[in-house]
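Thanks, everyone. I'll keep this short. Have a look at the structure first, then I'll talk through it.

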Amino acid sequence: MSPRDSSESGLENLVAAFAGSNAAYYSRQFAYLSEAPGFRASFNAMAGLLSPVWFGARGLWSWFLVFLLVETFAYIQIFRGLIGNLGQDQLERAEAIRRTLATRMEQIEAAKESGASSLESLERAAESLQRALDDSLSAAQAASGDAFTLVLFGAAILILAKLGAAVIANWALETRFTRWRSDQTLASGLSPARGIAATAIFVCAAGLSSLRFARPDIVPMLLDFPTDKNFRIAAADWIKGGFDWAKSSGADFFNAITLGVRSLLDGLEIVFVGTPWPVIIIFVGLLAWLTGGSRVAIFTIAALAYLGILGFWEKAMTTISLLGAAAMVSITLGIPLGILCARRPRLFAFIRPILDFMQSMPSFVYLIPVIAFFGAGKPAAIVATLIFGSPPVIRLTVLGLQQVPGTVREAALAFGATPAYLLFKVDLPLAAKTIMAGVNQTILMSLAMVVVASLIGAKGLGEDVLEALQFASEGQGILAGLAILFCALILDRIVAGKPQN
């Protein structure tokens, strides 16, 4: 036997082990598909006939989901056209209008007998109702006439889906075979168990969806999830009880946090709100020049002038005080915690889900436990901002330290570097850029909580935005929004900027 024949025989054996049934067919198809790179069309009649079930039985679950969604949509349209009450919504609306019209007609008869002055307005209302009734009946009739079109539309989608499945099937299976040759733990063969599971999922998804959209009155349970509201009430009462216990048990702890946050905030407000505005402009402009260059300094002074000219100065300084207090606590706690997590992978594995929760939870939801423990006001706003803004600096500190080249650390250790020297002279300088990006993100995310914090009594620019939303004052809202934007840009440029002169 020649080496070529031996190689082909070995490949056929691999195809037979992978494909299971119809090994000869798939051996020919795989040989044909491998002759050209990329996608090459072929036709698998069985895959086209069974579509998602075939892909599921073969373990190609990604393609199973694709064709499951497409064919479910097609069956929904077909069943809507065959058994659906397409004009039912319009008929129900027409019936409601008819009842209202009957009431108006009775009122018109009564007004005619009594000579009431409202007769003319009642007649106009009756005319409008009559037009609405006619429109609803016409729409119901038109919808009923679309049944055949829906059936054709669904059938066309179903045929195209099955043709697509037939054309793609062999190529998708050959791609899986290529991966299977290097990793034989991947699913292979035609599994009856996978086929049964795929069939059950397909019948459930397509059948229930078609029934739900075509005839929801047959199985009303499909309209709403079967539940008992008493479960939610009991869970809410249990959570409320837990909050009450935590407040009473940890009153001293929460009072201490409130006192510390308020003291920090009062100090910052003395600096930003109490200091004369020319001094603030000079100091911030000089800081912007030192960190970001002359362009950043000019922009910073112009932005501060905008805040002063439009009367936002005091509220902007209050906002920056709130932001500064929250950001200082976030950074002071976040960077050491990030360093510890970078050195303790198990600790980071424990803290990571907590960070995911803190970032995924909507910001308004933070206000509920915060108000429960700290009450309304500025300390509660700072705590909510702290929770919302802390994750970036922790994550990016971990990332920056993990990206420090191992060879550099090994070289430092070889020259006798102590752990403290290694941290402060090697790791932190090399990770500084990433850590500063985390600090920048924490500051900006904290500023994003300004409007939310105004809901619980925090003063500042968020008040103006909230009032604009309440009273639909577009001009005030835009001006206050620009003020918040300029505060964010000033902080962003100062923290992230590089000297340009």
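This is a predicted model: local features need pLDDT of at least 70, side-chain atom pairs count only at pLDDT 80 or more; totals for chains, interfaces and linings use all residues.

Salt bridges, then. Opposite charges on side chains can pair when the charged atoms come close. The count here is six salt bridges.

Take Lys162 and Glu71. Their side chains form a salt bridge, 3.7 Å from N to O. Lys162 sits in helix 8, residues 147-182, and Glu71 in helix 5, residues 61-83, so this pair ties together parts 91 residues apart in sequence. Is each partner buried or exposed? Glu71 is buried, at 1% relative accessible area. Lys162 is partly exposed, at 22%.

Next, Asp427 and Arg343. This salt bridge spans 2.4 Å, N to O. Asp427 belongs to helix 19, residues 419-447, and Arg343 to helix 14, so the link joins parts 84 residues apart in sequence. Asp427 is buried, with 1% relative accessibility. Arg343 is partly exposed, with 29%.

Then Asp356 and Arg395. Their closest N and O atoms are 2.1 Å apart, and they form a salt bridge. Asp356 is in helix 15 and Arg395 in helix 17, residues 378-402, so parts 39 residues apart in sequence are tied together. Asp356 is partly exposed at 35% relative accessible area. Arg395 also counts as partly exposed, at 23%.

Salt bridges link Lys240, Asp244 and Lys247.

Now back to helix 14, this time with helix 15. Helix 14 covers residues 313-343, and helix 15 covers residues 345-360. Their axes come within 5 Å and cross at roughly 120°. That angle makes helix 14 oblique to helix 15. Which residues meet there? From helix 14, Leu337, Leu340, Cys341 and Arg343; from helix 15, Pro345, Leu347, Phe348 and Ile351.

On to Thr258, in helix 11, residues 251-272. Thr258 is buried, because its relative accessible area is 17% and the cut-off for buried is under 20%. Leaving aside residues up to four places away in sequence, Thr258 touches Phe374 and Pro379.

Last, the surface. A nonpolar patch of about 600 Å² is made by Ile309, Leu310, Ile478, Leu479, Leu482, Leu485 and Leu489. Which helix gives the largest share? Helix 22, residues 474-496, with five residues. Leu482 lies in that helix, helix 22. Leu482 is partly exposed, at 32% relative accessible area.

That's my tour. Over to you.

How values were computed
Residues are numbered from 1 along each chain as its sequence is written. Side-chain values use heavy atoms; hydrogens and water are left out. Patches are made of residues with over 30% relative accessible area and no salt bridge: like charges are joined within 9 Å, nonpolar side chains (Val, Leu, Ile, Met, Phe, Trp, Tyr) within 5 Å. Accessible areas come from the Shrake-Rupley method with a 1.4 Å probe; for residues, only the protein chains shown count as cover. A salt bridge is a side-chain nitrogen of Lys or Arg within 4 Å of a carboxyl oxygen of Asp or Glu. Helices (H or I, at least four residues) and strands (E, at least two) are DSSP runs, numbered from the N terminus. Buried means under 20% relative accessible area, exposed over 50%, partly exposed in between (1.4 Å probe, protein chains only). Axes are lines fitted to C-alpha atoms, for helices over the stretch in contact, and angles run from 0 to 180 degrees between N-to-C directions. Angles under 35 degrees count as roughly parallel, over 145 as roughly antiparallel, 65 to 115 as roughly perpendicular and the rest as oblique. Contact means heavy atoms within 4.5 Å.
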